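Me: I would like to learn how to read a model of protein chains with DNA. Could we go through it feature by feature?

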2 protein chains.
Amino acid sequence: MARVRLIDVAELAGVSMKTVSNVVHSYPHVAPALREKVQAAIDQLGYRPNLTARRLATGKTGMIALAIPEIDHPYFSELSRQMAEEATRRGYRVIIEQTLSDPDLERAVLSDREAGLVDGVIFHPVRMGTLDIAKLDAGTPLVLLGEAAMPVMTDHVMIDNVSAALDATRHLLASGCRRIAFLGVIAADITGSTSQRLLGYQQGLLEARIRLDPELVFTALEFTAEAGLRSVTDAIERGVRFDGVVCRDDRFAIGALKALHDSGRSVPEDVAVVGWDNTFLAAYTSPTLTSVAPKKTALVAAAFDLLEERIGGYRGVGRHVIVGHSLEVRESAPHAF
Amino acid sequence: MARVRLIDVAELAGVSMKTVSNVVHSYPHVAPALREKVQAAIDQLGYRPNLTARRLATGKTGMIALAIPEIDHPYFSELSRQMAEEATRRGYRVIIEQTLSDPDLERAVLSDREAGLVDGVIFHPVRMGTLDIAKLDAGTPLVLLGEAAMPVMTDHVMIDNVSAALDATRHLLASGCRRIAFLGVIAADITGSTSQRLLGYQQGLLEARIRLDPELVFTALEFTAEAGLRSVTDAIERGVRFDGVVCRDDRFAIGALKALHDSGRSVPEDVAVVGWDNTFLAAYTSPTLTSVAPKKTALVAAAFDLLEERIGGYRGVGRHVIVGHSLEVRESAPHAF
DNA sequence: CCGATAATGTACAGCGCTAGAAAGATATTT
DNA sequence: AAATATCTTTCTAGCGCTGTACATTATCGG
C-alpha cells in the first residue's frame, strides 16, 4: 500500500507536479478544464499531501506546542481545550507537552523549540526562573503564561494575581470573616505565582487593619486536593481557629471543603471558602465553590495574538499583557451572610 | 539567526555529514578522537537536528495521535496524561486531537492519518459506526478505544462494560437498594457504550428478580454534570422514588450527588450512588463517590502494545483486548450499610 | 496585424537529514 | 610481506513538496 505522491497524480493527469500542487492549493490561475482533470486524478488515486514534506519545503510546521505542568489538572485541561480550539480556528495544531513541574522537562521544552517541530511555543513555567528562560530563549517564537519568570525579551500573558487575591480577601472580609487563612504555600513553587496571591491576601488584611497571623498560612506539600485536605486537617487538629480561607487553586479548595466537612464544620457558616481558577469543579461541589475566575478566553486569545506576531516576524522586546479576572460567587462564600 | 545545519557542523569539524550524523546517533564505529571533535563542534554551534527533515528522510514521525471527544473531561484528561507518559517511555510524542463528538471531526481524524503526520492513531470514537470506520481505515496503524464500533480488521481495547455495570448493580442490591435507577442514557451516543452499561444494569436487576421500571432510566441531554443534575432533579420533581443510582460516568454522578443534596436527600442513607471511571473527582466529593474503575494503566499499555505491533508491520485481523476493572467502594455506596 | 501584457504551464533546484555503497585506513593472519 | 578481514569515513541519491525562473499560449489595444 504505497503512498500516493504528487508525482503519481501528475503522471496520471499528464501534467507537471507544480500544476498538481497548484490545484491542491487552489492557486487561481489554472485553466478550469485542467483543474478538473487533475482533481479527477487526485480523487481516483486518493492523494493526500505529505505534511512532513510540505513542512520541510516551506519551513512552516503549522503546529504550536503548549507546555503545561499537568494535563489532568482541571485548570490546565480546560485551558488546553480552549487552546486547541483557538488553534484550530487559526489554522494550527497543538502538541501538548507535559512538564510535570520538572525543571529538566521544562528546559527540554525550550530546547525542543529549536528542533523545527513547531512554529511556536506557549509555555506555562513552574520551576524555571527568569534567567533560565532568558538563557535558553533562542529565536523561536515563545509566549509565557502565568506569573513566573518574565525575561524582558519574552512575551507574557497573565492575570493580576495580587489584585485578584485582594478581591477574594475583601470578599471574605465583607461577609464578616476575621480570621482568614491562606491555603497553598508550597516550597517547590519558586515562580512567585503563589507569593503574589499571598501578597494580595496580606494587602486585604492590611486594609482591614487585621494583623497577619502566620499560623493562618497553610502549607501544602504538592499541588493536589489530597495535600490541601491534609494541610487543613492538620491545622484543625492543631487547634487553629479560622472562619475563612483563600485557596491557591480549586483543587486545594476541594481538599479544604472535604477537610471541613469531615471535621464537622459547615461551609460557609463556620468557614467560608474561596477557590481559584473557576474550573468546572467549582459548580459541582457541595456547597458550590466561590472562585477567582481568570478570563480564560481573553488569555488564550492574547497568547495567540502575541505568538502569531512573533511568528510573523516581530522581534521587539517582550510585551506583558494582563487579562481580566472576576470573582464567581457561589455558596461556599456567598455575598454577606 | 539562521539555524545550524548538519553540514555546518561537518564543515566546522572538517568531516563529512555522515560522520556527524553517526555521532548524533551514537553509531558505534566512530573513532573516539573524531567523535570528540565532532561533539565539540556540535556544542559550539548549538546544533539540534531538524526533526522535520529527519522524518522526511526516515518516514517515521515518532508521533502518535490520540483522538478523544474532550480534553477536559476528567476521564479523558487523566487518560491523556497516562498516554503521554507511556508515549514518552516508548519514545513517541502525542498529538491530542479533540473530536468534540462531532462526526465530521471524527472522520477527519481517520483521514489525517494518511497525511503522514503521525505513525499511528489511538482513537476513542463516539459517533462513528463500525462501517464508517472500516470504510476510512486506510493502511495507517490504528487502535480503537471504548465500546463503540469494532470493525473486524481493527484493533480494539476496552473494558467489559456489561460485567462492570453488573458489578455496580449487584453492589447496590447487596446493600439493600431495591429501586435502582440508571443515569446517563443519551440519544446522541450511538456507540453502544451506554447501552452495554444499561444491559449490565438490567442483568443485575434480573438476577435479583426485580422488574425493570422504565421510569428509573434517567435520560440526559449531553455528557455534562449539569445535564446529570437536571435529569435527576426532574425525576425527583416528577415524584419518581429510588434508593440507588448507577451513573454512566463520574460527571453524571457528581450532578446526581448535587441534585440529591439540593433536594434534601442524604447519600447514601436515602439514595446510594455509583459513578463510573473513578476519576480523581470521586475521592473529593462529599460524600466520596463509589465508582467503577477501569484499569487505566493496563488499558494504556495494551493500546500501545497493539499500536506498536501495527507500526512494526502486523497486518492481521483486529485483536480485541479486554482489560480489567474493579469497583472502588467509597462513601456514596459503601458495603452493606 | 504586431508587440505587449497577462494568463498558464513546465523544469528543477533545493529544504535538512538518512543510509547504503564505496573507498580508504588499519589490523590480523599465514 | 602479501593477502585478507575489519574499521572508519566519505559520497551521494533520495524522502515529497514548494517556489522561483523560464517557456508557452492567450488576450488585446492601437
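Me: How far apart do the C-alpha centres of domain 1 of chain A and domain 2 of chain A lie?

Reply: This is a predicted model. In it, those two centres, of domain 1 and domain 2 of chain A, are 38 Å apart. Chain A is divided into domain 1 (6–49), domain 2 (62–158 + 296–324) and domain 3 (161–294). An unreviewed UniProt entry annotates residues 4–58 of chain A as "domain: HTH lacI-type". That span is 69% helix and 0% strand.

Me: What rotation superposes chain B on chain A?

Reply: Two copies of a chain are related by a rotation about an axis and a shift along it. Here the rotation is 180° and the shift is 0.1 Å, with an RMSD of 0.2 Å. The two copies are therefore related as by a two-fold rotation axis. In chain B, the C-alpha nearest that axis belongs to B:Ile95, at 2.5 Å. The copies also meet through the same surface, because 100% of the interface residues of chain B are interface residues in chain A too.

Me: Which residues are closest to DNA strand C?

Reply: Of the 23 residues that surround DNA strand C, the closest are A:Thr19, B:Leu6, B:Lys18, B:Tyr47 and B:Arg54.

Me: Which part of DNA strand C is 3.4 Å from a polar backbone atom of A:Ala57?

Reply: A base oxygen. For B:Leu6, a polar backbone atom is 2.5 Å from a phosphate oxygen.

Me: Which element gives the most to the surface near DNA strand C?

Reply: H4(B), with four residues.

Methods: Residues are numbered from 1 along each chain as its sequence is written. Chains are lettered from A and ligands numbered from 1 in the order in which they are written. This is a predicted model: local features need pLDDT of at least 70, side-chain atom pairs count only at pLDDT 80 or more; totals for chains, interfaces and linings use all residues. Side-chain values use heavy atoms; hydrogens and water are left out. Copies are superposed by least squares on the C-alpha atoms of residues with pLDDT of at least 70 in both. Contact means heavy atoms within 4.5 Å. UniProt positions are given in the numbering used here, feature names are shortened, and annotations may be inferred rather than shown by experiment. Helices (H or I, at least four residues) and strands (E, at least two) are DSSP runs, numbered from the N terminus. Domain bounds come from an automatic or database domain assignment. A residue is near a molecule or strand if one of its heavy atoms lies within 4 Å of it. A polar contact is a pair of N or O atoms within 3.5 Å; within protein, one must be able to donate a hydrogen and the other to accept it, and residues adjacent in sequence count only if both atoms are side-chain atoms.
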